[in-house]
Every structure is written in structure tokens, then in C-alpha cells.
Amino acid sequence: MNDLVWIFVSALLVNNFTLSYFLGLCPFLGVTARLETAFRLGLANIFVMLITAACAYALNTWVLPYAPYLRLISFIIVIASTVQFVEMAMKKLSPTLFKALGIFLPLITTNCAILGLALFQTNKGYGFWEGMIYALGAGGGVTLALALLAGVREETRLLNIPKLIEGTAFNLIIAGIISMAFMGFAGLFSS
Amino acid sequence: MNENEEIEEKKEATVIPVEPEVSSFKLIFSLGLAGLISGIIIVGSYLYTLPIIEKNKAEAQRTAIFKVLEGCTSFVTLHLIDGKLVEDDNFPKVKKEAITKEEHEVFAGFDADGKLIGFAIPAAEPGFQDIIGTIFGYDVVNQTIIGFEVLESKETPGLGDKIFKDADFALNFKSLATIPEILPVKKGAKKSPNQIETITGATISSKAVIRILNNAIKLWQEPINKFDKSLLKPPTTKGNTENSADKISENE
Amino acid sequence: MSEKETDKKAQEFLKGLWKENPVFVAVLGMCPALAVTNSAINSLAMGLATTFVLVCSSILVSSLRKVIPKQVRITAYVIIIATFVTVVDFALAAFTPSIQKELGAFVALIVVNCLILGRQEAFASKNGVVLSIFDAAGMSLGFTFALLCIGVIREVIGSGSLFDFPLFGAGYEPWVVMILPPGGFFALGFLLFGFNWYAGRKRKKELVKA
């Protein structure tokens with residue numbers, strides 16, 4: 001049980017996927033201008049991550065031992081198909097949810113965070129439930145990072161920022177400061 | 001009427017040109033072709049690099065084992081499953097009949113005379129930042145730790161990474177008693193052989209190392225004690241010896 | 001006629017180095033850019049690995065561009081890119097295991113580097129093999145150059161060394177945060193700042209001239 005708590009907290013805070021591993025940066029720096037958008041993107045992320053974690057576990061346990069060299073290709077194809085399938089299913093089964101999350105789903109396919117999750121999870125040899133908790137923590141961590149950055153950007157919208165540093169450079173420096181703050185979580189739950 | 005005309009015009013202007021129909025045969029064929037080329041390239045490079053990668057892994061493992069068991073020149077692999085130690089040869093059969101799926105590996109090291117020096121035990125657990133991967137040498141007779149090596153660490157550079165960079169910390173592991181358990185003490189306060197002096201500024205990383213060692217001892221002590229060590233003999237030709245590196249280079 | 005051709009090739013090559021530098025101008029391929037640039041050697045290794053993948057993928061995509069129909073092109077590109085990433089992963093594990101250990105899973109993550117897929121879509125699928133090679137080489141070397149800039153800054157300030165060669169002697173107290181994750185964000189942020197300032201100055205000069 002202890003292990004599961006550590007896996008979750010580590011992925012969420014201590015080794016945050018976005019702020020420590022730099023995964024999921026494209027939407028992080030491009031899309032997050034509003035808090036609401038950030039939350040939705042994060043939720044879509046969590047959703048896809050949970051499904052990916054399950055698929056990665058299944059692939060790793062039953063298919064890949066016979067063809068380890070197909071690891072990367074199979075993961076990528078699974079992720080792309082999953083996103084496609086989830087988008088179609090969402091459209092049909094829950095139009096409201098689709099309206100809220102749907103446009104972000106294609107963006108997620110090339111999002112390093114999803115592939116990163118599959119790779120890290122299988123590298124560490126997590127079982128099924130460990131993988132799911134890991135996905136939950138990782139997705140939550142990405143959402144947290146997105147929300148924090150969006151929040152700060154919303155706050156600074158009315159401030160006078162020097163023209164040269166406006167845009168991506170500014171976002172990166174904010175991200176760096178948030179990342180430093182998250183360093184304070186190290187040592188949590190490792191008694 | 002004018003409004004309707006405008007809407008009609010707008011509709012015409014936004015008509016998207018129809019793309020020529022592509023037969024599904026062509027779709028499948030082209031994907032299949034890409035897949036075939038990819039497959040050949042991947043399998044080819046895999047087969048070419050696999051022996052080299054395996055050799056690198058074996059080399060790294062051998063170096064680590066020899067480092068934590070001083071004087072070691074050869075080793076054999078043992079597996080822990082269902083609370084019992086099993087030799088490499090018997091392992092596949094025992095694994096099939098095992099109740100629990102959990103298995104661990106340990107290495108029994110021998111010196112040049114074929115005498116058992118001790119066991120090299122790998123252990124890994126969360127430290128301050130992330131998982132710390134270690135291997136340590138365990139002397140069964142004296143029940144002490146005789147060597148310690150950090151294999152993997154993401155601890156803070158300049159602070160936590162002293163667990164493998166600090167010479168004083170390494171001195172703790174020359175002959176570390178494990179009974180009843182390893183305890184942390186402040187620097188300069190070591191009084192008994194089962195104490196480790198923690199690193200100033202890296203208390204959590206140091207305590208993590210102690211926790212890793214204590215938990216590993218708890219896991220391995222009983223199975224190792226119960227195992228009939230007279231069964232352990234140094235390998236003869238299997239290639240686990242120090243000379244195997246020379247053998248491979250001879251064959252090339 | 002041949003002078004015009006070589007001019008065109010040179011143009012495709014050079015644009016990737018500065019004018020359309022993937023990291024500084026288009027802000028593409030961020031994940032590897034920040035994760036592995038904590039030392040100059042790692043940056044160089046990652047840059048060269050990406051170069052290999054981009055050039056080989058461009059060659060294959062360009063050769064097959066008339067065969068692959070539009071509907072499945074993205075899938076085909078991804079398969080091709082993933083193939084070469086797998087090859088590079090094996091090659092690193094076999095020939096430079098210490099670098100493989102440092103780069104870890106980020107080598108595999110080259111496959112989702114938007115830069116590579118972007119070049120296939122924008123250029124290799126529409127141009128001949130030779131031009132595509134120059135485009136790919138230019139873009140990836142520009143990428144490597146950017147990674148090296150970040151890596152050198154982070155290593156010099158954060159470890160006091162360059163390519164593992166100590167620079168400042170024993171008394172130097174390194175600014176450790178630079179080799180930790182926040183350092184990546186700061187390094188790239190300030191580099192972009194500097195890049196913008198330089199580009200702005202150039203533009204002003206050109207406006208003054210005209």
C-alpha cells in the first residue's frame with residue numbers, strides 16, 4: 001500500500017511529469033492562456049493516460065516478450081488509435097463531454113507525456129494497479145502544472161511586460177520558478 | 001430576398017473541391033509497404049545489436065558484483081521465490097510451480113580458490129528524489145556488509161549524491177554489522193559496528209540507504225541462512241568468470 | 001543551371017540553422033531540449049540522434065512520397081520515424097551504454113518530437129530526395145546547435161565544467177539549480193530572450209538602412 005502512495009505522490013508532485021521531466025510541454029507553453037482551458041486539457045490528458053497505462057501493461061505482459069523490438073512502434077500505434085477511438089466514442093456517448101474535451105484530443109496524440117508515461121511505466125515494471133495509479137498521478141501532475149501556469153498567465157495579462165521577454169520566453173521563466181517551487185516536495189513520503 | 005441570395009453565394013464560395021477517391025487496396029498496400037520496410041530495418045538492427053547489448057549488461061553486472069565483494073573472481077546467480085533460494089538450473093521448473101509471482105535475484109561470489117566470499121544483493125527503494133538502486137556485498141559467516149555500491153540515483157547533486165561521492169560515507173561499509181539492525185547516527189558519533197554516520201545536509205538520502213539495507217537484509221537473511229551452502233560451487237565454463245571477457249575477445 | 005541548384009540546396013540547408021531554427025524560432029521539440037541538456041555531451045548526443053532520425057526519415061518519406069496516399073500519410077510517417085528511433089535506441093545501447101543511461105527514455109521520445117513529423121509533412125512529402133536531405137540536415141543541425149547552446153550554459157554554470165572537463169578549479173561553487181529541471185526552463189527562457197533581442201536589433205538596423 002505504501003508503494004502505491006509513493007508512486008502517486010511521486011508522479012503528482014515530487015517528480016511532476018511536466019515540471020521535472022519536461023513532458024507535455026507543447027500544450028503547456030502554447031495553449032494554456034486560460035485556467036478553464038488548462039483544466040479541460042488536463043482532464044483529457046488524465047483520461048487518455050489511464051487508458052494508455054492499461055494498454056501498455058497489456059502489451060508489455062502478453063505481446064512484447066515475444067518481440068521486444070516492436071515496443072516503440074506498438075506503443076505509438078496504440079496511443080494514436082486509442083485517441084481516435086476515444087474521440088469517436090465520446091462523440092457518440094457523451095456529446096457534452098465531447099464538447100468540453102473533444103478538441104484537445106488530437107493534440108494529445110503527439111504529446112510526449114502519453115508516450116512518456118507508457119515508456120516510464122514499462123521501464124519500471126509496474127503491475128496493472130501500479131500503472132493505473134501512476135497514470136492518475138502523472139495526469140494529475142500535468143493538469144496541476146497546466147493550471148498553475150494558466151493561472152499565473154491570467155494574472156499577468158494586465159501587467160506591463162517588456163516586449164522582448166513577452167511570449168514564450170516569459171512563460172518559460174514562470175515555468176522555471178514553478179518548477180523550483182515543486183522541488184520543495186522532494187522527500188515527501190520517503191520517511 | 002437579398003439576404004437569401006447572399007447566403008447562397010456564401011455557400012457556393014465555400015464548396016470544398018472533391019478529392020479523387022483512393023482505393024482501399026492502395027491504402028493498405030502503401031501502409032503494408034511502409035510496415036515491411038520498417039520491419040526489416042528494425043529486426044535487422046535488433047539482431048545485430050542484441051549480442052553487444054547483452055554483453056554490455058553482463059559486463060556492468062560483473063563489475064558491480066566484483067566491486068562489492070572484494071577478491072571475487074567468479075559468481076553464480078541464485079533466485080528467491082516463495083521464500084526459498086533456488087539455483088539457476090532448477091529455477092525455470094520451480095518458477096512454473098511457484099505460488100507467488102514475486103522473484104528476486106542474488107549472486108554468490110567466489111574468490112580465486114573457489115571459496116565462497118559472500119552474496120552480492122541488489123536492492124532498490126525510493127530515496128529523497130526518486131528510486132535509489134544499489135547493490136551490496138553480504139558476508140554470511142560474520143553477518144556483516146562488506147561492500148556497497150550505488151547503481152542508480154537521482155538524488156540532489158551536491159547534497160544527496162554524496163551517498164556515492166563522499167569517501168567518508170563509503171568507509172561506513174567496510175565491515176558493517178547487521179544485527180539487530182543498521183542504525184543512523186550523526187557524524188563522528190559512531191560507537192558500535194552496526195551504525196552508519198549520516199551525511200550532513202543529506203539526512204534523508206542517507207537514511208534511505210539505511211532503510212534499503214535493512215529491508216534487504218530482512219528479505220534475504222532467512223532464505224540465505226536456510227540454503228545449503230555446500231551446494232554452492234564456483235562456475236566452471238559457464239562464462240561467469242572474470243576471464244570470460246578475454247574468452248569473448250578471443251572468439252571475435 | 002547547376003549553380004542555381006547548389007544555391008537552392010544551400011538555402012534549404014542554411015535556413016534550418018538560423019532563420020527558421022526549430023527551437024529558437026518555432027519553439028518545436030521542447031521536451032528533449034530541456035530534459036537532456038544538463039550537460040554538453042548529452043545535448044550533443046541527443047542532437048546527433050535526432051539528426052540521424054530526421055535525415056533517414058526524410059530520405060524514406062521522400063522516396064515513398066508518390067506511393068503513400070494522403071489519407072494514411074501521418075500513420076505512415078509515424079511508422080517510419082518510429083523505425084529509425086528504434087534503430088538509434090539500439091545503436092546507443094550497444095555502442096555507448098553510458099550515454100544511453102543518461103538519455104534514458106528520451107531517446108525513444110524523439111518519435112513524438114514535433115520537429116520531425118513537421119518536416120515530413122511540410123517538406124519531405126513534397127520534394128525530391130536530395131533537397132529533402134539538405135532540409136533535414138539543416139533543421140536537425142540547427143536543432144543540435146540550439147541544444148548545445150542550452151547544454152553548454154547549463155553545464156558551465158551548473159557543474160563548472162564543459163564536456164566533463166572542469167573549468168574553474170576546486171573553489172567554484174556551482175549554481176546547481178541549472179542542472180536541475182528549473183535550470184532548463186531558465187536557460188531556454190533567457191536564450192530566447194537574447195535571441196529576440198538580437199533579432200530585434202537586426203530588424204531595427206535594416207529598417208534604418210531602408
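Through how many residues does a hairpin join strand 4 of chain B to strand 5 of chain B? In this predicted model, the hairpin between strand 4 and strand 5 of chain B passes through four residues. The two strands run antiparallel and are joined by eight bridges, with B:I121 having B:F136 in strand 5 as its bridge partner. Strand 4 of chain B is mostly covered, eight of its 11 residues being buried.

Strand 4 of chain B also pairs with strand 3 of chain B, in the antiparallel sense and over four bridges. B:F110 has B:L116 in strand 4 as its bridge partner. Five residues lie between strand 3 and strand 4 of chain B in this hairpin, and B:G114 in the turn has a positive phi of about 85°.

These strands belong to an open sheet of seven strands in chain B, ordered 2-1-3-4-5-6-7 with antiparallel pairing. Strand 2 (84-87) and strand 7 (176-177) of chain B each have a single partner strand, so one side of each is left without a neighbour in the sheet. Four bridges link strand 1 (residues 74-81) of chain B to strand 2 of chain B in the antiparallel sense, and B:L80 stands opposite B:L85 in strand 2. Helix 6 (residues 203-226) of chain B packs on the sheet, and its direction makes about 130° with that of strand 4 of chain B.

The contact between chain C and chain B takes 20 residues from chain C and 19 residues from chain B. Helix 4 (residues 73-95) of chain C supplies the largest share of the chain C side, 11 residues. By class, that side has 16 nonpolar, four polar and no charged residues.

Key. Residues numbered from 1 in each chain as written. Chains lettered and ligands numbered in written order. Predicted model: local features only at pLDDT ≥ 70, side-chain atom pairs only at ≥ 80, totals over all residues. Pairing = 2+ DSSP bridges. Contact = placed C-beta atoms within 7 Å. Axes fitted to C-alpha atoms, helices over the stretch in contact; angles between N-to-C directions. Nonpolar A, V, L, I, M, F, W, Y, C, P; charged D, E, K, R; others polar. Buried ≥ 20, exposed ≤ 12 C-beta atoms within 10 Å, placed from the backbone.
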